[in-house]
Amino acid sequence: MEISYFLGANSRDGFSSLYSGFAAGEGDRLHIIKGGPGTGKSGFMRKIGAAAEKRGLDVEYVLCSGDPDSLDGVYIPALKQGWVDGTAPHAAEPRCFGADDDYVNLGGFCRLPLSSSDAGEIRRLNRAYKALYDRAYAWLKATAAVRQGYLPQIDDSAILEAAKNRVSGILRRHSRKKDSPGRVSRRYFSAISCRGELLLSGEIKKLCKLIYQLDDGMGLAGPALDAAVREGLSRGLELILCPSPLCPEETEMLLIPEASLALIRGCQAVEGARHVRLDALVPGQRQKELRGDLRAGRRLEKECMAAALEQLTKAKALHDRLEAVYRPYMDFEALTEFTDREICRIFSAPTGEVISKHEE
């Protein structure tokens with residue numbers, strides 16, 4: 001199976017990273033790719049992934065949160081090998097060079113030095129690019145502040161317990177308790193990017209056929225999801241916890257592939273999902289009192305988010321211009337030859353046989 005997700009997020013506090021957990025399992029080997037914009041890092045990883053798929057192997061693709069059309073990583077579980085873009089904002093260095101990790105230098109295919117005029121243009125574009133991201137993060141901070149300001153704080157213990165029990169009950173109905181300890185991995189399946197607010201609903205459906213969407217108009221989904229995480233761990237399940245890109249300390253989704261079950265906050269709509277009416281737990285009179293503030297808050301939140309997305313869109317355009325400056329300096333023919341050699345090496349067993357699904 002091929003699955004895509006994010007390990008980074010544009011959040012209210014800047015770039016939020018989950019990359020420390022990538023290809024970090026027992027026996028994993030991580031290849032850290034270095035090279036500037038336009039040096040072929042994403043294309044290199046995409047070709048490795050395509051070669052693995054051609055051989056019938058499962059592949060995990062890590063999408064770039066700033067530009068989801070680009071790759072920041074690829075992992076092949078059967079080989080226990082991962083490749084990652086090791087440049088900012090998710091700069092990576094080996095944990096134990098030569099033993100668990102190594103470098104892939106694609107910058108070596110760039111014919112340096114740059115001309116003085118191109119070097120000046122690169123510096124100017126880099127400064128402008130950083131400034132746009134700084135403004136985007138400022139708007140995201142404002143977006144989060146607005147959201148936290150208008151969402152009601154329900155402190156009625158009976159309502160909170162009812163919300164928690166309703167969601168934890170779903171998990172209990174659709175999973176079997178195991179004797180082994182539960183485990184949590186973390187992935188983003190949504191992003192705030194140059195293409196807007198994205199939800200990888202198709203990827204979620206590959207993992208989970210039964211999807212429950214939780215009301216979050218009254219702020220009850222967060223505590224309910226946290227309770228579901230605790231319930232899942234107590235039942236020995238393997239959980240994929242998906243933080244909110246805007247506020248990574250908050251849980252946005254909980255995926256349990258072994259139960260084919262997903263629990264998702266209502267702010268992220270998924271076609272075909274079952275609706276869990278948590279808002280109905282709050283008395284109608286209380287909801288009526290809050291209606292005006294909620295409407296105004298959502299409108300202001302939408303405006304702040306739109307301003308952030310505008311900056312990210314402009315930043316993507318500048319990044320494209322950066323790549324265009326570097327492109328004439330690249331020896332793409334040599335890079336292609338190197339990539340082909342690497343693919344042959346990766347998918348050849350020590351005996352010289354080609355690795356495929358049948359040899360796993």
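How exposed is Lys316 in terms of relative accessibility? In this predicted model, Lys316 counts as partly exposed because its relative accessibility is 22%, while buried means under 20%.

Lys316 takes part in a salt bridge with Asp67. Asp67 counts as buried, at 15% relative accessibility. The two residues are 249 residues apart, with Asp67 in the loop between strands E5 (59-63) and E6 and Lys316 in helix H6.

The structure holds 28 salt bridges, including these three:

| Salt bridge | Closest N and O atoms |
|---|---|
| Asp67 and Lys316 | 3.9 Å |
| Arg286 and Glu289 | 3.7 Å |

Arg183 lies in strand E9 (residues 183-186) and Glu238 in strand E13 (residues 238-243), 55 residues apart. Arg183 is exposed, with a relative accessible area of 53%, whereas Glu238 is partly exposed at 40% relative accessibility. Arg286 and Glu289 are three residues apart in helix H6, so about one helical turn separates them. Salt bridges with shared partners also join Arg12, Asp13, Lys141 and Glu249 into one network.

Helix H6 (residues 284-326) also holds Arg298, which is partly exposed at 39% relative accessibility. Arg298 belongs to a surface patch of positive charge together with Lys288, Arg291, Arg295 and Arg299.

Turning to the aromatic rings, the count is seven pairs. In one of them, the ring centres of Phe22 and Tyr75 are 6.1 Å apart and the planes stand at 70 degrees, so the pair is edge-to-face. Phe22 lies in the loop between strand E3 (14-17) and strand E4 (29-34) and Tyr75 in strand E6 (residues 71-76), so the pair ties together parts 53 residues apart in sequence. Both Phe22 and Tyr75 are buried. Ring pairs also link Phe44, Phe109 and Phe338 into a cluster.

Terms used
Residues are numbered from 1 along each chain as its sequence is written. This is a predicted model: local features need pLDDT of at least 70, side-chain atom pairs count only at pLDDT 80 or more; totals for chains, interfaces and linings use all residues. Side-chain values use heavy atoms; hydrogens and water are left out. Patches are made of residues with over 30% relative accessible area and no salt bridge: like charges are joined within 9 Å, nonpolar side chains (Val, Leu, Ile, Met, Phe, Trp, Tyr) within 5 Å. Accessible areas come from the Shrake-Rupley method with a 1.4 Å probe; for residues, only the protein chains shown count as cover. A salt bridge is a side-chain nitrogen of Lys or Arg within 4 Å of a carboxyl oxygen of Asp or Glu. Lys and Arg count as positive and Asp and Glu as negative; His and the chain ends are not counted. The place of a charge is taken as NZ of Lys, CZ of Arg, CG of Asp or CD of Glu. Helices (H or I, at least four residues) and strands (E, at least two) are DSSP runs, numbered from the N terminus. Buried means under 20% relative accessible area, exposed over 50%, partly exposed in between (1.4 Å probe, protein chains only). Rings of Phe, Tyr and Trp (its six-membered ring) pair if their centres lie within 6.5 Å; planes under 30 degrees apart count as stacked, over 60 as edge-to-face and the rest as tilted.
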